[in-house]
Amino acid sequence: MSGFDTAGRIHHTFQSARREFGWPPRYWIRYFSPSPAADIFADEAVAESGGAWDSGGPYVGCVSSPLQHRLSGSFAEGQADAQAYAASLLAAWNVVAQLKLPANNQLWCFLDQEYSTGLSLSYWNGWANYIANYNFAHLHTYPLYPALYCAPFSPYPNCTTIAAAKGLNIPSSVWSSEPEPCGTLKHRPKFNAQECSSASRSKVRSHLWQFGEQPGCGYTANVDLDLGDVNIPSYCFRVVARP
Amino acid sequence: MLAGGIGAGALIALPDPLLALRGDKPPARSPSPVAPDSQYVLLYGMPESMPFSGGSVAWAPYPEPRPRGPFPASRTRERLVAKPVADKIASTPVLSHDRTTVALVTVHTAAAGAKVTLALVDAATALISKQGSLTITDIRKGANILATPVFAPGTPTIALVLAITEPTGRRQARKVEAHTGRTVPMHAVTWTSHHALAYFDRHSGKFTGPFHLDNAPSLALTSAAANSSDLFVWTTKEPQPAKTRPQPPPLPWVSVFPLGAGQARASVPSPAPWPAGEPVVTLSTGEVGRLVNGRAVQVSSARTGEVTQTVIQPLNVTRAKPSAVTMEARQDGTVFLTKPGVGQAVVADPAEEFRIKAKVSYPVPATPLGAPWSKAVLSPEGDTLYVLGGAKAGGISAYDVATGKLARSYSYGRKYNGLYQLPSGVLLTISPQNPRLEFFSPHLSPLGTAATDLHISAVF
């Protein structure tokens, strides 16, 4: 179950990416606020959703990349970042009538923890608790689920932090950035994501794996390549018609 | 009272090795024109373990092949002793424009509400030079407070922008646990944020305020900057569910408050994006520049707050992954901007619509987005750009700004995550594992290393 993540514009990228990787993506993962590249989906949600539809992968997964030093910080910092993230998801949903929540009511919301960033338990608890408690669109179905993008074997606290999380603060999945064998969507590696269970007592599984990053793998198109061991579109926004 | 105001961050001070070991005096002619007396490097980060031991640092002169190291080992161990400055910090500390002071905030429960304490740390001595507290009253049990200090250059005022997030609704609900698949009961909480302002006078040590803004429900995240007369604050209304779709997202607003006031004298819509701690600087004109989307500077009028936007073309490059971006105002009125994810650094002149005065291209470092965000620094004279080495080579490099050409580089294969230049001119690199600190001369000669039990996420 392979797809792309990008900080670029889907509608500018999908044709070149399809040419380069020989296969349409099943899904896209896009940056939402707070992130350095959050503006593209926020400002062009209709065009982005249309791009996802046209690409043949009409599912939009969610990641947020706050100022990385904040991830070492306090509960209040985590809560504030999560509040902006949830609000940006709602804002996109408000703009695009064809954007629907997952049928299983579980939208995975990844927090981007880069390799050289430490994640404090205070921040994670503030962040994850807000996401898990968010009453999306006043539906009372609480469809947002905290999840974590990280390199499980990084020397900075990541898996050990989420190992200490409790209840609904436990992430639904890790999205592992390692290892990086590269490949294409057509010729992709067997699922082999690094697992937090190998680096800590966390039992959270890596259900999503970024097996190829643009700079490290020398890709031309502005995408990274991802593979899931579960049906990843089930945990993404669905674009149900061309907006 | 507070659900989680207590922070996880700690700040420790390490003597600048060049000054500490060559006579305990700042150099006669410091390379930094703005912080000539700084003798310490202040390290902010997350302790390896709790309770925090206080930030031990183990210094070592650079190992062979540098047989005649500049610092005798016996002296260094005695004189390079780190000292803890603060822990349980509620938000990332902020450095003053003249680099002489670091402001940090702690938040604690008080009988009548929450006690917010602002401490000013003197960069020259690493001592708290002034401290003051204010109590936030009439807030709900379980509230969280996010405090952002803002220095107003040329004044003794430090503004404090407070985001107060309170639980305004609680209900019983049920939700499927992702990791077990079971439906479990939950205490769902609705959080609502508003903002407040307070002003600290570093002469008197007294606070004015807090002034609560009538802007609930807003997003807690703000951006803020000040000039010598006004405080600029970007806020965003929290979007609400659309009754009919499509409904456009709320725009942020920038409000201009006279220093000391709780009432804005101007408040205008600002172009997106929503504020989220992006780089904001006070320009020499008194206007305020906000680097947005990693590629454009929005300048807010000092008089009205109205915004004009200029795209910085060398930064207007898209990659699959976003990048750290930094912007800092320089003494000569120019600004230095860099985006390590696309390997670009520029010096631009705000007085000429951000005309590019110098541009350097460099290989993308190994961690262009991760902490610390400082991956490239411009020397105080503006003639040399120091950057982390590329993802393959590691090490550090120096570029001649006038020509854009590589002047020299040094690497033994180690890939660093952050790069700073201390007021003494010494370069400091940050690594994930000990020794986490390495020191280099401005000519990239290795000087020494230091180990610490702090995961470093920022350096002041």
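Begin by selecting A:W93, A:Y130, A:Y134, A:F136 and A:F237, which form one aromatic cluster. Rings of Phe, Tyr and Trp (for Trp, its six-membered ring) pair if their centres lie within 6.5 Å; planes under 30 degrees apart count as stacked, over 60 as edge-to-face and the rest as tilted. The model is a predicted one, in which local features need pLDDT of at least 70 and side-chain atom pairs count only at pLDDT 80 or more, while totals for chains, interfaces and linings use all residues. Residues are numbered from 1 along each chain as its sequence is written, chains are lettered from A and ligands numbered from 1 in the order in which they are written, and side-chain values use heavy atoms, with hydrogens and water left out.

Over all chains, a search of the whole structure finds 20 aromatic pairs. Next select A:W108 and A:F110: the ring centres are 6.2 Å apart and the planes stand at 90°, so this pair is edge-to-face. Both residues are buried, that is, under 20% relative accessible area, where exposed means over 50% and partly exposed in between (1.4 Å probe, protein chains only). A:W108 lies in strand β5 (residues 107-112) of chain A and A:Y235 in the loop between β9 (224-228) and β10 (237-239) of chain A, so the pair ties together parts that are 127 residues apart in sequence. Helices (H or I, at least four residues) and strands (E, at least two) are DSSP runs, numbered from the N terminus.

Now display helix α4 (residues 75-95) and helix α5 (residues 121-133) of chain A, which pack at an angle of about 30° with their axes 6 Å apart. Axes are lines fitted to C-alpha atoms, for helices over the stretch in contact, and angles run from 0 to 180 degrees between N-to-C directions. α4(A) and α5(A) are therefore roughly parallel to each other (angles under 35 degrees count as roughly parallel, over 145 as roughly antiparallel, 65 to 115 as roughly perpendicular and the rest as oblique).

Finally, select α3(A): its buried residues include A:E48, A:G51 and A:A52. After this helix comes A:G56, with a positive phi near 90°.
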